[in-house]
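My entries follow in the order I made them.

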Amino acid sequence: MSGIAVVTGAGSGIGAAISRELAARGRVVIPTDLDPAAAAATGAACGSPATHRLDVTEPVEVAEVITSIVTEHGPMEVFVSNAGISRMRRFLEITPEEFDSTIGVNLRGLFLASQAAARSMVAAGRPGCIVNVASMAGKQGRVPYLADYVASKFGVVGLTQAMAFELAEHEIRVNSVCPGYVATPMQDRELAWESELRGVDVEAVRELYLADTPLRRLELPEDVARVVAFLAGPDASFVTGESLAVNGGAFMD
Ligand SMILES: NC(=O)c1ccc[n+]([C@@H]2O[C@H](COP(=O)([O-])OP(=O)(O)OC[C@H]3O[C@@H](n4cnc5c(N)ncnc54)[C@H](O)[C@@H]3O)[C@@H](O)[C@H]2O)c1
């Protein structure tokens, strides 16, 4: 493994699992997160030489942190743009500010972070791999109460293809993963919101997620992490521009 891996939103859920999986496969992983203590906890679990606070919505911070990471720990071979937020609202009730904030983290923030990573890889003149975390909601809009999130994740799928197309000449592969119903703190919040919006209890909502999943269990962060590790590794060396479903069959396209 010749270069380091950097993960955004690595302090929780899927980002933490991705960091652990890459570390278990021998990568030096630098976890970053808006919450520096959460990033540090993941770093401790991964034997990371450093962790960083990184808010993906701040272009100057994004550029500075990525530059300082590669200066200190050597060139980056793998970058995972995982940071994301969700908020459940009926479409008719989403405010412009809420829409902007979801797009600001999930699409603009991912653009900023993945662009800074790509710039660093191009400057190093070495092949690399970027994995963007999209969603099942990046491929279908038949998802309740998440219109702004759906818009942001469709954007991630499109951006992934455009990045893959332009960065291929630099031997940088760009792919995304599209998880389904993953048991993380984000899902805990969504279960509570959806139970309120539907007027049913949380267990009933969880049953809806299960009923919607042919493999009949909730997805684990590790299910996503293993697919990210595949996309970031040599077995996927001829895969680029792909948005890979990892959802137990909950949405097939
Ligand atoms: N949980 C699911 O069911 C599910 C399904 C599909 C896709 N996803 C996507 O997976 C990714 C991770 O989700 P999760 O379920 O682990 O969520 P989570 O809320 O458990 O973790 C998200 C992490 O991102 C960090 N974060 C939030 N805003 C940030 C910012 N501006 N800059 C940097 N870090 C920031 C948070 O501090 C947190 O540590 C997100 O992009 C999410 O949209 C989740």
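Which residue of β4 is the bridge partner of V6? I looked it up in the model, which is a predicted one, and found F79.

**Entry 1: strand β1.** I then followed the pairing of β1 on both sides. With β4 (residues 76–81), β1 pairs in the parallel sense over 4 bridges. With β2, β1 also runs parallel, and 3 bridges join the two. On that side I found I30 of β2 opposite V6.

**Entry 2: the whole sheet.** I read off the strand order as β3-β2-β1-β4-β5-β6-β7, an open sheet of 7 strands with parallel pairing. β3 and β7 (243–246) are at the edges with a single partner strand each, so one side of each has no neighbour in the sheet. I looked at the β7 end: β6 (residues 172–179) pairs with β7 in the parallel sense over 4 bridges. There, C178 has A245 of β7 as its bridge partner.

**Entry 3: the core.** The largest nonpolar core has 72 residues. I asked which of them touch the most other members, and got A5, V6, A117, I130, V177 and V228. I listed the contacts of A5, leaving out residues up to four places away in sequence: L22, R27, V28, V29, E77, V78 and V80.

**Entry 4: helix α2.** In α2 (residues 36–46) I found A38, A39, T42, G43 and C46 buried. They are on the same side of α2, because they cover an arc of only 140 degrees around the axis. A37 and A44, on the other side of α2, are exposed. I looked for what covers the buried residues, and the cover includes α1, β2 (29–33) and β3 (52–53). Just after α2, I noted that G47 has a positive phi of about 60 degrees.

**Entry 5: the ligand.** I counted 31 residues around the ligand, of which G9, G13, G84, T184 and M186 come nearest. By type, the shell divides into 14 nonpolar, 14 polar and 3 charged residues. I checked which helices contribute: α1 (13–24), α4 (96–124) and α6 (185–198) each supply at least two residues of the shell.

Methods:
Residues are numbered from 1 along each chain as its sequence is written. This is a predicted model: local features need pLDDT of at least 70, side-chain atom pairs count only at pLDDT 80 or more; totals for chains, interfaces and linings use all residues. A residue is near a molecule or strand if its C-beta atom, placed from the backbone, lies within 6 Å of it. Ala, Val, Leu, Ile, Met, Phe, Trp, Tyr, Cys and Pro count as nonpolar, Asp, Glu, Lys and Arg as charged, and the others, Gly among them, as polar. A residue is buried if 20 or more other C-beta atoms lie within 10 Å of its own, exposed if 12 or fewer, and partly exposed in between; C-beta atoms are placed from the backbone. The arc is that of the directions from the helix axis to the C-beta atoms. Two residues are in contact if their C-beta atoms, placed from the backbone, lie within 7 Å. A nonpolar core is a set of buried Ala, Val, Leu, Ile, Met, Phe, Trp, Tyr and Cys residues joined through C-beta atoms within 7 Å. Two strands pair if DSSP finds at least two bridges between them.
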